[in-house]
Amino acid sequence: MVDIEEDSQLGLESEEEYEELSDGELQEAFAKGLLKPGLNIPLEEPKKAVNNVEGLKKCLADFKKNLPWVERLDLTNKPVDDVLAKAEGRPSNDDVNPEDDFQREMYFYRQAQATVLEALPKLKKLNIFTKRPDDYFAEMSKTDQHMQKIRKKLMQKQVAMENSEKAKKLREQRKFGKKVQVEVLQKRQKQKRDMMTAVKKYQRGMTDKLDFLEGDKEGKNGPASSKKQMGKRGGPSSKRKYKDQKFGFGGRKKGSKRNTKESHDDVSGFRAKAAHGKGGKKFGKGGKNKRPGKETRRKMKSRK
């Protein structure tokens, strides 16, 4: 706050007049040097530190309990010697840099070792066991009902995981089955194309081999059975021989029924009765064909 002397210099007789000062008046006072920065900030006095030894001892005596060491299990000791320093032949240094995490943690570790080495003989002397027996059963912190709920949840989770794995395997099997099915269909289509190509080559006289027929038989009955059948027959069947005799075996097929000069001049197989409709074959289900064909009618008109 502003001191009394400065208030008197500004001509302020009360706090009300001080609060009613306008910004312009405060700026003029600050320009004249009557106001200084920090005068309006309240300053707290530092707390006085009191070392009341008698009071502290009295408080300690109030809550202190004279219990045996077994109930307290408190030990105050220094850390054990640094084994690594001894092995390296350098003196053990207990001065620890608090900023070094590794040194600080190792100091705590060696201090815990010293505490264990001092406490175990005391506990054995007081006939207190320090190792858990083999048949030791501790009391459960959770009730049996709570553990049953946990077990039920774990079983449900395990069943859900198994169902998920089964569904995943089924999806993979379906994908694999579809893949195999597609491969089989592609293989069949390829075999069909190869068969059609071989048939076309045979029809055009580009080859005289019938291996594609044997391959078809092998696909149905197997190669062994087809060989046995060929061995039993001893050659082509009578049907095959008749077809070979009638239609020929190999050679060019396209245009084979076309007339030549010799076949056009050869009229040995011509029958007038059959050609003019006077005899020969009978057409229809029952009676005669009363009306001759179109070609026959045309020839009859040309003769007239």
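Modeller: In a salt bridge, a side-chain nitrogen of Lys or Arg lies within 4 Å of a carboxyl oxygen of Asp or Glu. The model here is predicted, so local features need pLDDT of at least 70 and side-chain atom pairs pLDDT 80 or more, while totals for chains, interfaces and linings use all residues. Residues are numbered from 1 along each chain as its sequence is written, and side-chain values use heavy atoms, with hydrogens and water left out.

Biologist: How many salt bridges does the count come to by this rule?

Modeller: The count is five. Side chains of opposite charge can pair when their charged atoms come close. One case is Asp74 with Arg72, whose side chains meet at 2.7 Å, N to O.

Biologist: Are Asp74 and Arg72 buried, partly exposed or exposed?

Modeller: Buried means under 20% relative accessible area, exposed means over 50%, and partly exposed is in between (1.4 Å probe, protein chains only). Asp74 has a relative accessible area of 40% and is therefore partly exposed. Arg72 is also at 40% and counts as partly exposed.

Biologist: Which helix holds both Asp265 and Lys261?

Modeller: Both lie in helix α12 (residues 261-265), four residues apart, or about one turn of the helix. Lys261 has 62% relative accessibility and so counts as exposed.

Biologist: Which residues gather in a patch of positive charge on the surface?

Modeller: Patches are made of residues with over 30% relative accessible area and no salt bridge; like charges are joined within 9 Å, nonpolar side chains (Val, Leu, Ile, Met, Phe, Trp, Tyr) within 5 Å. Lys and Arg count as positive, Asp and Glu as negative, and His and the chain ends are not counted. The place of a charge is NZ of Lys, CZ of Arg, CG of Asp or CD of Glu. The positive patch has Lys168, Arg171, Arg174, Lys175 and Lys178. Lys178 sits in helix α8 (residues 144-203) and is exposed, at 59% relative accessible area.

Biologist: Which residues form a nonpolar patch?

Modeller: They are Met140, Met147, Ile150 and Leu154, with about 370 Å² of accessible area together. Accessible areas come from the Shrake-Rupley method with a 1.4 Å probe, and for residues only the protein chains shown count as cover. Ile150 is in helix α8 and, at 33% relative accessibility, counts as partly exposed.

Biologist: What does the secondary structure of the chain come to?

Modeller: There are 14 helices and zero strands. Buried residues make up 7% of the 304 residues. The chain exposes about 29,600 Å², and carbon and sulfur atoms supply 53% of it. Helix α3 (residues 23-32) is hardly covered, with one buried residue among its 10. After α3 comes Gly33, with a positive phi near 90°.

Key:
Helices (H or I, at least four residues) and strands (E, at least two) are DSSP runs, numbered from the N terminus.
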